[in-house]
Amino acid sequence: MKESKSRPMNKRIYMDHAATTPLDKRVLKAMLPYFSEKFGNASSLHFFGTEAREAVEKAREDIAKAINAKPGEIFFTAGGTESDNIALQGVMKAGKRKGLITTAIEHHAVLYTAERLRKEGFNVKFLPVSSNGIVELDALEKAVGKETALVSVMHANNEIGTIQPIGEIGKLCRAQSVLFHTDAVQTVGKEKIDVEKMNIDLLSASAHKFYGPKGAGFLHIRQGTKIQPLMHGGGHENGLRPGTENVAGIVGMAEALKIAVKEMREENAKERRLRGRLIDGCLKIEDSWLNGAREPRLSCNAALGFDFVEGESMVLMLSDRGIAASTGSACSSKSLEPSHVLRAIGLPHVKCHGSLRFTLGRSTTAKDVDYVLEVLPGIVERLRKISPLRKGVDISEFEENIDEKHEHMHGQNED
Amino acid sequence: MYSNKVMEEFRHPHNIGEMKNPDGVGKVGNAQCGDLMWVYIKVAKNKKGEEIIKDIKVKTFGCVAAIATSSKLTEMAKGMALEEALKINKEKIAKELGGLPPIKMHCSVLSMDGLRKAIEDYRNKKGKAD
């Protein structure tokens with residue numbers, strides 16, 4: 001999409017931090033030497049190798065410290081998706097038990113991997129969530145059995161920001177001798193994590209969500225956990241994840257995490273304040289709502305919904321005014337399916353399409369929030385003028401055959 | 001994702017609105033897909049005695065492509081004889097818009113369905129009146 005001539009040239013307000021974050025300047029500084037100066041392969045025997053190796057191992061220590069794990073329990077990957085894949089596939093294929101329990105609101109990296117495991121013959125259960133977006137512990141307790149090998153519940157949801165009671169889930173799993181994995185991609189660097197206190201056996205993280213570089217992630221694996229590698233090769237990461245280390249990425253990730261943990265409390269307080277202002281302002285728009293429980297929610301997340309209008313249109317109109325946000329609308333997804341998270345919290349289809357997500361970050365200021373509040377009502381109003389929908393309009397005839405094989409042609413094979 | 005033409009059509013859509021006393025109404029869409037289009041037409045006879053679309057309005061709930069294609073359709077169909085209007089297809093609409101991503105072609109199909117339904121509605125009403 002070419003840039004709009006109508007976008008105000010000075011406006012670049014980024015409110016999509018859950019999608020990705022900019023590289024912190026301090027992180028870039030830490031990474032630079034490892035590109036052209038200390039560029040050695042960390043496995044080489046000579047001094048270029050050892051200096052790269054030292055950097056990788058220091059990073060491992062720093063990351064372990066941040067989550068109260070041992071350095072030997074940190075494995076470097078290319079990101080959250082890879083970590084999730086290794087965790088689920090690696091654990092299920094290494095053991096005898098065939099049961100996997102996860103939730104209906106997981107990120108696709110967990111959801112589709114779990115689906116794939118089901119096709120391969122594993123017994124997979126997807127736990128529902130309440131309309132609040134929180135997993136019910138009773139349901140989990142009932143679901144765990146002798147055949148359960150692994151429970152995977154994300155720490156916080158990327159779309160609605162609700163935070164799961166993973167401390168309690170970890171306790172439950174430990175009591176039942178079942179492994180517990182958490183996709184913590186949205187919480188590492190944002191919420192306090194202690195793998196010991198929380199009884200976490202496996203944890204996925206991704207650097208570009210906490211002001212680190214894209215292409216770097218890690219998987220924490222408790223010592224003693226039986227797990228198979230997905231990839232085969234040169235034996236790196238104790239054989240779990242071969243491949244020449246992305247030294248600069250790893251160094252950057254560790255630096256980014258250190259900074260994030262240090263600044264966490266203050267940053268969260270700021271984001272909460274601004275986010276509260278944003279939500280309160282947005283909810284003044286008629287026929288609007290918040291998706292998921294207000295708390296416990298990530299400090300940065302404002303997941304809203306607006307009746308009678310569609311998300312992609314809202315996002316692009318906001319983009320034209322220099323504001324970056326996102327939506328769970330079907331129209332904006334690759335599969336043209338509405339957000340599975342919004343469906344899981346019980347939102348009717350037509351309301352899923354009206355979703356708009358703002359996720360704040362370090363750069364967000366009160367001015368930014370006020371600008372959004374200035375611009376958004378007009379956008380919603382404009383789209384409502386274009387829309388046939390309003391209170392009292394009956395669309396029941398257009399809700400037929402929903403979810404039954406959503407098969408009609410949407411174009412070529414969108415993989 | 002979208003061409004300049006699609007974005008411009010989206011930013012300044014044409015013929016948006018409802019119609020008082022339309023001659024035909026076509027309501028199409030699917031809440032699961034998130035596209036709903038309501039097409040209103042007024043039919044009159046031109047000098048040749050052909051039935052033409054004198055006026056056409058649309059209201060759309062949907063994405064950029066949905067709004068752009070429905071708007072473009074109304075521009076193309078306005079003033080056309082009914083039979084000619086029925087010949088507009090998704091390729092023609094996409095062409096006028098400088099192309100659409102394959103995943104969004106169904107929006108132009110939907111807008112055509114809306115127009116077809118509106119014309120059908122007009123003919124049914126007329127049939128009953130005659």
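How many residues of chain A are in contact with residues of chain B? In this predicted model, 33 residues of chain A are in contact with 27 residues of chain B, two residues being in contact if their C-beta atoms, placed from the backbone, lie within 7 Å. Residues are numbered from 1 along each chain as its sequence is written, while chains are lettered from A and ligands numbered from 1 in the order in which they are written. Local features need pLDDT of at least 70 and side-chain atom pairs count only at pLDDT 80 or more, whereas totals for chains, interfaces and linings use all residues.

On the side of chain A that touches chain B, at least two residues each are supplied by α9 (311-320), α11 (349-352) and α12 (366-386) of chain A. Helices (H or I, at least four residues) and strands (E, at least two) are DSSP runs, numbered from the N terminus. The largest share of this side, 3 residues, comes from α9(A). By class, the side comprises 15 nonpolar, 12 polar and 6 charged residues; Ala, Val, Leu, Ile, Met, Phe, Trp, Tyr, Cys and Pro count as nonpolar, Asp, Glu, Lys and Arg as charged, and the others, Gly among them, as polar.

In α9(A), 9 of the 10 residues are buried, so the helix is largely enclosed by the rest of the structure. A residue is buried if 20 or more other C-beta atoms lie within 10 Å of its own, exposed if 12 or fewer, and partly exposed in between, with C-beta atoms placed from the backbone. The buried residues of α9(A) include M314(A), L316(A) and D320(A). They pack against β11 (323-324), β12 and α12 of chain A, together with α2 (64-77) of chain B. After α9(A) comes G322(A), which has a positive phi near 85°.

The loop between β10 and α9 of chain A holds E310(A). E310(A) is buried, with 33 other C-beta atoms within 10 Å. Apart from neighbours within four places in sequence, E310(A) is in contact with S329(A), C331(A), H353(A) and G354(A), and also with G34(B), F61(B), G62(B) and C63(B). The C-alpha atoms of E310(A) and G99(A), 211 residues apart along the chain, are separated by 39 Å.

Strand β10 (residues 301-306) of chain A has 6 of its 6 residues buried, so this strand is largely enclosed by the rest of the structure. In a regular strand the side chains alternate between the two faces of the sheet. Both faces of β10(A) are covered, with N301(A), A303(A) and G305(A) buried on one side and A302(A), L304(A) and F306(A) on the other. Two strands pair if DSSP finds at least two bridges between them. Strand β9 (residues 288-290) of chain A runs antiparallel to β10(A) and is joined to it by 3 bridges; L290(A) has L304(A) as its bridge partner in β10(A). With strand β12 (residues 355-359) of chain A, β10(A) pairs in the antiparallel sense over 5 bridges, and the bridge partner of G305(A) in β12(A) is S355(A).

In chain B, 3 strands form an open antiparallel sheet in the order β1-β2-β3. Its edge strands, β1 (24-30) and β3 (51-61) of chain B, each pair on one side only. Neighbouring strands of this sheet are turned by 15° against each other on average, direction ignored; axes are lines fitted to C-alpha atoms, for helices over the stretch in contact, and angles run from 0 to 180 degrees between N-to-C directions. Antiparallel strands β1(B) and β2 (residues 35-45) of chain B are joined by 7 bridges, and G26(B) has V39(B) as its bridge partner in β2(B). Helix α5 (residues 105-129) of chain B packs on the sheet, touching β1 and β2 of chain B, and its direction makes about 145° with that of β1(B).
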